[in-house]
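Have the structure open as you read.

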Amino acid sequence: MKLETYAIHGGNIVSDTEKPVVQPITMSTTFVHQPESMIYTRANNPNRKALEQLLAGLEKGVDAAAFSSGNAAGVAVFQALEPGSHLIAPDDMYHGLKNAILTIFKGVLEATFVDMTDLEKVEASFRPNTKLVWVETPSNPLLKVTDIEAVAKLAKEKKALLACDNTFATPVFQNPIDLGADIVMHSSTKFFGGHSDILGGALITKVEDEFWAKVKNVQTGGGAVPSPMDCYYLCRSIKTLPYRMKGHAEHAMVLANFLSNHAAIERVYYPGLNEHPGHDIASKQMTGFGGVLSFQVKEGAEAADKLIQKLKYFTNATSLGGVESLIERRAAVEGPDTLTPQNLIRVSVGLEHLDDLLEDLDQGLK
């Protein structure tokens, strides 16, 4: 099946004798003992089984594990590493996962944060105990682009796993497993959910090996699993994912061009722009450039805050991937230790009419 078709049909497992067109929600926490049956919903559930089947197919993997949040998914990978392992991670990555590495795993794992766009620095960061390379591309919030294939080659040479956070690109625009990644991670709260009303995370694996068995043990033993209702709504939302992503990317490209030509803007970060340093790599490994962009306002943080306050159709809120446009001054959210420029604004470009979004930005910048 093509992607659009699979998104609609790939997660629809109907066992009901009445044969409903849409899979029903199975709320039961426990199941009657019988051969090869599910036992307890923390370990498995019909709706979670459907979601995981759908996610694995979309990302061209062999299995998936759904979690109650994106952070729970990422942390599960770190938990599956042996204590004392070293991991390499991006210097620009989702601050929630970076904080987890620095706090939850302090004294348990060693970590080096490096500019993943510089392959020489990546290679120089490997140690004898390096077991994992974590890639996030495009990155949050600077939209840095990592050459997945090149980093995967380095990881393989060093006998390390490569995990890729594919939240910004989604499988609509990028398939890291095809490029050499071993595990793909998503915050399904974002574009998968698509309506700012579901919390979730996911991991998809290239092979079912010993490490994946450890990840699955963290999922079921730790119990940070999504509810049947959340799984149902994610399957429903993913049905429109391919078409939503095309709209997000189309709008983001127009807004990026508008902002890059505006006198009040210092710099725009969007891999679809020819002047973006990662444009060529993004063009090679992506089929679209995504629905998130960032930009810096020339007059500093105060001017950035004033701009956000003047906008009507861009909601000042954290998160991304919903049908509504969201905007925030990212450094204000990330806290005092952030490396993000204080005048940087991150935008999750929504599906409102493009003319309304452009007019709103234009009046806000005047």
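In this predicted model, M27, M229 and Y233 make up a nonpolar patch on the surface, and together they have about 270 Å² of accessible area. M229 sits in helix α9, residues 228-238. Its relative accessibility is 32%, so M229 counts as partly exposed.

UniProt, in an unreviewed entry, puts the feature "modified residue: N6-(pyridoxal phosphate)lysine" at K190. You'll find K190 in the loop between β6 (183-186) and β7 (201-205). With 16% relative accessibility, which is under the 20% cut-off, K190 counts as buried. Leaving aside residues up to four places away in sequence, K190 touches T167, S319, L320 and G321. The K190 side chain also has a polar contact with the side chain of S187, at 2.9 Å.

Now for the charged pairs. The count comes to 16 salt bridges, including these:

| Pair | Closest N to O distance |
|---|---|
| K144 and D91 | 3.3 Å |
| E328 and R346 | 3.1 Å |

K144 forms a salt bridge with D91. K144 is in the loop between β4 (130-136) and α6 (148-157), while D91 is in the loop between β2 (86-90) and α4 (95-103), so this pair ties together parts 53 residues apart in sequence. K144 is partly exposed at 23% relative accessibility, and D91 is partly exposed at 27%.

E328 pairs with R346.

Finally, R48, E52, D63 and K216 are linked in a salt-bridge network.

Notes:
Residues numbered from 1 in each chain as written. Predicted model: local features only at pLDDT ≥ 70, side-chain atom pairs only at ≥ 80, totals over all residues. Heavy atoms only, no water. Patch = residues over 30% accessible without salt bridge, like charges linked within 9 Å, V, L, I, M, F, W, Y side chains within 5 Å. Areas by Shrake-Rupley, 256 points an atom, 1.4 Å probe, with all protein chains shown as cover. Salt bridge = Lys/Arg side-chain N within 4 Å of Asp/Glu carboxyl O. Helix = DSSP H or I, 4+ residues; strand = E, 2+ residues; numbered from the N terminus. Buried < 20%, exposed > 50% of the residue type's maximum accessible area, 1.4 Å probe, protein only. UniProt positions renumbered as here; feature names shortened; annotations may be inferred. Contact = heavy atoms within 4.5 Å. Polar contact = N/O pair within 3.5 Å; in protein donor to acceptor, adjacent residues only side chain to side chain.
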